[in-house]
Amino acid sequence: MTVLRYTVPPEKDGCRLGLFLRTQGVTAGLIKSVKYDGDGFFADGRPVRTNEPVHTGQCIHFALPPEQETSVTPQPVPFSVAYEDEFTAVLDKPAGIAVHPTLNYPDGTLANGWLHYLQAQGRTGVFRPINRIDKNTSGLVLCAQNAFAAPLLAASAHKCYLAIVQGTLPLGPGRVEAPIARRGDSIIGRCVREDGKYSLTEYTVLAVGHSHSLAACYPRTGRTHQIRVHMAYIGHPLAGDTLYGGSDAVIHRHALHCGILCFSHPLTGQALRVESPLPADMAALAQAEQLLDGWQLSALPCGAPDET
């Protein structure tokens, strides 16, 4: 059971409990859940209602209510845990694994694997991803361990993707600002179209090889397939991305990897950074194209938080 504790500062003296909790990042939905599904709130060990005032120096505490049951079946799925604490988990997903069960992928997903991981430790919980990546995109997925952490992580998280694109791009920064819409000939496909939603991708070309370039990409908006669509739009589709004009002659999936996740810890506010190096298939292509020299993952910025 996770218990949250707050000490009332002088500037919040006389503030109603509900309002005080909102200033601490506790959502209205969680407050309601603690009231009706949990054990309620306490001030210095005494039960207190949300419309009562709190006073300087009081210790406010409450237990997070139990999680709702999930219908996802625990299954062994290959992934690694890059970071974990009571509030947060960062999972490193291989390519070829969907994040969530869908009609096409009802099991064998990262969600199934996470519940199996918890079960093996005698724990229970739900799968609560903050960022989602495509089935064939590899790399880091940020998850909240409870309902308190979820909105705070969503507000602070930002990420950097590594992409190997076809062709040679000038070294240094670039940007693609082009609206993205559904593509008429595909259920999942997207395209750049005037009536699409505003979309912005910034990138930095890190290395240029014989026929491919390596870029660190920062999606400033959160559109489906955004990096893939934008790089194809400027004439440099991702290697292996046959949906958007790339060739799978050198790699058998689109060459995109979420390599860096940065976020603020939901309880302490501490800035955290988690990294994942290029997976074997992308590293092999990068090696063949001489794209591994002159840059380091640890030196790359995460960039600004995504705008959605």
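Predicted model: local features only at pLDDT ≥ 70, side-chain atom pairs only at ≥ 80, totals over all residues.
Entry 1, disulfides. I searched the whole structure for disulfides and found one. The partners are C262 and C302, with 2.3 Å between their sulfur atoms. I then looked up where the two cysteines sit. C262 belongs to strand β14 (residues 256-264), while C302 lies in the segment after α6 (280-288). The pair is 40 residues apart and links distant parts of the chain. For the geometry, I noted 80° about the S-S bond, and the link of C262 and C302 is right-handed. I also checked burial: both C262 and C302 are buried.

I found C15 in no disulfide. Its nearest cysteine sulfur belongs to C59 and is 16 Å away. C15 counts as buried because its relative accessibility is 13%, and the cut-off for buried is under 20%.

Entry 4, strands β5 and β6. I turned next to a strand pair. Strand β5 covers residues 80-84 and strand β6 covers residues 88-93. The two run antiparallel and are joined by four bridges. I looked up the partner of Y83 and found V90, in β6. Three residues lie between β5 and β6, and the two strands form a hairpin.

Technical notes:
Residues numbered from 1 in each chain as written. Heavy atoms only, no water. Pairing = 2+ DSSP bridges. Disulfide = S-S within 2.5 Å. Buried < 20%, exposed > 50% of the residue type's maximum accessible area, 1.4 Å probe, protein only.
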